[in-house]
Amino acid sequence: MRNARRSPNGRFIAYTFVKDERSEVYVEPFPPTGAKWQVSRDGGLHPLWSPEGRTLYYSSLARKIMAVEVSTDGPTFTTGPARLRVDTRIAGRERINQGTPYAVTPDGQRILVSAEGDTAGVPITVTMPAAAVRSKVDACLGYGARVVLHGTHVGETFAEMERIRESSW
């Protein structure tokens with residue numbers, strides 16, 4: 001079970017489950033009763049409830065954002081068909097342990113999508129202390145960012161970030 005998210009009313013948990021090397025999105029009651037519903041049909045990751053809990057979003061294996069109308073008010077969980085909500089490619093590699101690469105605004109009208117710097121056409125510079133963990137540096141590089149390693153503590157790193165920001169304007 002990965003990327004578990006509790007529904008706004010607290011009655012259900014949506015999560016990613018990998019079976020036979022394929023990720024799908026499922027929903028179970030909370031607390032668990034043994035019931036389980038598969039929401040995605042052609043692979044899915046990163047489930048995210050809409051603020052009011054009537055829509056469950058997930059990213060398809062093609063990295064598109066899908067939406068499924070759901071009902072969490074009755075004694076059981078029901079779904080409608082999945083539909084394409086945002087026809088865009090979500091950032092980079094499958095981000096299993098790095099959070100959901102998109103967010104829904106509180107009014108549910110917009111979806112904010114994380115995009116790689118090179119695909120969005122926006123240069124991204126990440127400033128980290130010189131002793132930064134290599135896996136974090138590699139992750140930033142993998143998403144198309146330029147990484148600047150500077151300083152021995154956060155104050156020095158922040159000052160360098162400010163210097164770079166000022167020189168970019």
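## The β2–β3 pairing

I13 has E28 of β3 as its bridge partner. The setting is a predicted model. Strand β3 spans residues 22–29 and pairs with β2. The pairing is antiparallel and runs over eight bridges.

## The four-stranded sheet

β2 and β3 belong to an open sheet of four strands. The order is β1-β2-β3-β4, with antiparallel pairing. Which strands stand at the edges? They are β1 (2–6) and β4. Each has a single partner strand, so one side of each lacks a neighbour in the sheet.

## Aromatic pairs

How many aromatic pairs does a search of the whole structure find? The search gives six. One of them joins F12 and W37: the ring centres lie 6.0 Å apart and the planes meet at 65°. An angle over 60 degrees counts as edge-to-face, so this pair is edge-to-face. F12 sits in strand β2 (residues 12–19), while W37 sits in strand β4 (residues 37–38). The two are 25 residues apart, and their pair links distant parts of the chain. F12 is buried, at 3% relative accessibility. W37 is partly exposed, with a relative accessible area of 23%.

W49 and F77 form another pair, with ring centres 6.4 Å apart. Their planes stand at 90°, so this pair is edge-to-face too. W49 belongs to strand β5 (residues 45–49). F77 lies in the loop between β7 (65–71) and β8 (78–86). The residues are 28 apart in sequence, so the pair ties together separate parts of the chain. Both W49 and F77 are buried.

F12, W37, W49 and F77 are linked by ring pairs into a cluster.

## A lysine over two rings

Where does the charged end of K36 sit? It is placed over the ring of F17, 5.2 Å from the ring centre. K36 also lies over the face of Y26, at 5.0 Å from the centre of that ring.

## E160 in helix α3

Helix α3 covers residues 154–168 and includes E160. Is E160 buried or exposed? Its relative accessible area is 13%. The cut-off for buried is under 20%, so E160 counts as buried. Leaving aside residues up to four places away in sequence, E160 touches T127, V148 and H150.

Technical notes:
Residues are numbered from 1 along each chain as its sequence is written. This is a predicted model: local features need pLDDT of at least 70, side-chain atom pairs count only at pLDDT 80 or more; totals for chains, interfaces and linings use all residues. Side-chain values use heavy atoms; hydrogens and water are left out. Rings of Phe, Tyr and Trp (its six-membered ring) pair if their centres lie within 6.5 Å; planes under 30 degrees apart count as stacked, over 60 as edge-to-face and the rest as tilted. Buried means under 20% relative accessible area, exposed over 50%, partly exposed in between (1.4 Å probe, protein chains only). A charge sits over a ring if NZ of Lys or CZ of Arg is within 6 Å of the ring centre and within 35 degrees of the ring normal. Contact means heavy atoms within 4.5 Å. Two strands pair if DSSP finds at least two bridges between them.
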